[in-house]
Amino acid sequence: MSHELPALPYAYDALEPHIDEATMRIHHDKHHAGYTAKLNDAIKDTKFACTPLAVMLSGLDRIPEDIRGAIRNNGGGYVNHSLFWDTLSPDGGGEPTGNLATEIDAAFGCFADFKEKFNTAAATRFGSGWAWLVLKDCSSLVVYSTPNQDSPFITGDTPLLGLDVWEHAYYLKYQNRRPDYIEAFWNVVNWARVSERLVGARTDLDMTSY
Ligand code: MN
């Protein structure tokens with residue numbers, strides 16, 4: 001079994017003007033495709049060919065050393081980008097509702113404070129990486145950033161919402177203005193999907209979806 005590059009759930013230009021078409025084409029068709037191909041190459045003909053990525057990433061110390069780095073980087077890149085496309089939408093933006101809103105308020109005080117914390121995580125990640133909203137220990141919502149393509153699954157957390165802050169994610173349109181890209185991101189967040197992911201994380205469905 002090999003992992004397939006998921007199709008974007010919207011057109012390449014659907015997130016304009018917040019995320020531009022040229023960036024989406026290169027990001028999905030080249031970068032995400034590249035992680036997918038390298039991941040498949042690493043696990044081909046190994047006993048991990050059918051192991052869910054969330055399982056592999058949360059137990060990296062049990063992966064043979066010769067493919068551990070490839071799983072961490074390319075497996076991480078695969079799941080991170082799969083989640084990223086899935087939690088964006090041309091009809092996104094605004095604020096979460098329902099249970100997710102209640103839990104964000106409980107964890108961070110209010111939506112504005114959550115957003116500020118997430119923005120700081122995204123802006124202060126030195127070099128390449130991601131900002132995350134995760135479910136920790138199946139109980140609490142937490143914000144942090146990770147370097148490179150490190151997935152929250154590595155530390156046993158379930159990613160709910162992620163923002164790619166590698167330069168390849170924004171440089172064509174925003175150049176060095178990462179804060180402008182971060183602010184634009186909020187206009188295309190698919191809160192309905194993030195809510196579904198929170199429910200899935202609690203019922204473990206998420207752990208098998210990759
Ligand atoms: Mn990326």
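**Reasons behind the labels: domains, rings, burial and helices**

Tutor: In this structure, 20 residues of domain 1 are in contact with 24 residues of domain 2, where contact means heavy atoms within 4.5 Å. The model is predicted: local features need pLDDT of at least 70, side-chain atom pairs count only at pLDDT 80 or more, and totals for chains, interfaces and linings use all residues. Residues are numbered from 1 along each chain as its sequence is written, and side-chain values use heavy atoms, with hydrogens and water left out.

Student: Where do domain 1 and domain 2 lie in the protein chain?

Tutor: Domain 1 covers 21-86 and domain 2 covers 98-202; such bounds come from an automatic or database domain assignment. The C-alpha centres of the two domains are 20 Å apart.

Student: Why is the pair of F114 and W186 called edge-to-face?

Tutor: Rings of Phe, Tyr and Trp (its six-membered ring) pair if their centres lie within 6.5 Å; planes under 30 degrees apart count as stacked, over 60 as edge-to-face and the rest as tilted. This rule gives a count of 16 aromatic pairs. For F114 and W186 the ring centres are 5.8 Å apart and the planes stand at 80°, so the pair is edge-to-face.

Student: What makes this pair a link between parts of the chain?

Tutor: Helices (H or I, at least four residues) and strands (E, at least two) are DSSP runs, numbered from the N terminus. F114 belongs to helix α5 (residues 111-124), while W186 belongs to the loop between α7 (178-185) and α8 (191-202), so the pair ties together parts 72 residues apart in sequence. Ring pairs also join F108, F111, F114, F118, F185, W186 and W191 into a cluster.

Student: How do you know whether F114 is buried or exposed?

Tutor: Buried means under 20% relative accessible area, exposed over 50%, and partly exposed in between (1.4 Å probe, protein chains only). F114 has 0% relative accessibility, so F114 counts as buried. W186, at 6%, is therefore buried as well.

Student: Which residues does S151 touch, leaving aside its neighbours within four places in sequence?

Tutor: They are L57, G76, V79 and N80. S151 itself lies in the loop between β2 (140-147) and β3 (158-164), and its relative accessible area is 2%, so S151 is buried. V79 is placed in helix α3 and has 3% relative accessibility, so V79 is buried too. S151 and V79 are 72 residues apart in sequence, yet their C-alpha atoms are 7.6 Å apart.

Student: How do you know that the length of helix α3 agrees with its number of residues?

Tutor: The expected span of a helix is 1.5 Å times one less than its number of residues. Helix α3 (residues 65-86) has 22 residues and should therefore span 32 Å; its end C-alpha atoms are 31 Å apart, which agrees. Helix α3 also has a kink of about 35°, centred on I71; the bend at a residue is the angle between axes fitted to the seven residues ending there and the seven starting there.

Student: What does the same test give for α8?

Tutor: The 12 residues of α8 should span 16 Å, and the end C-alpha atoms are 17 Å apart, so the two values agree. Within α8, W191, V194, R197, L198, G200 and A201 are buried. The elements that cover these residues include α3, α4 (98-108), α5, β1 (129-136), β2 and β3.

Student: What makes K173 a charge over the ring of Y174?

Tutor: A charge sits over a ring if NZ of Lys or CZ of Arg is within 6 Å of the ring centre and within 35 degrees of the ring normal. K173 lies over the face of Y174, at 5.7 Å from the ring centre.

Student: Why is N148 called partly exposed?

Tutor: Its relative accessible area is 41%, so N148 falls in the partly exposed class. N148 stands in the loop between β2 and β3 and has a positive phi of about 55°, although it is not a glycine.

Student: Where is Q175 found?

Tutor: Q175 is in the loop between α6 (171-174) and α7. Its phi is also positive, near 45°, in a residue other than glycine. At 30% relative accessibility, Q175 therefore counts as partly exposed.
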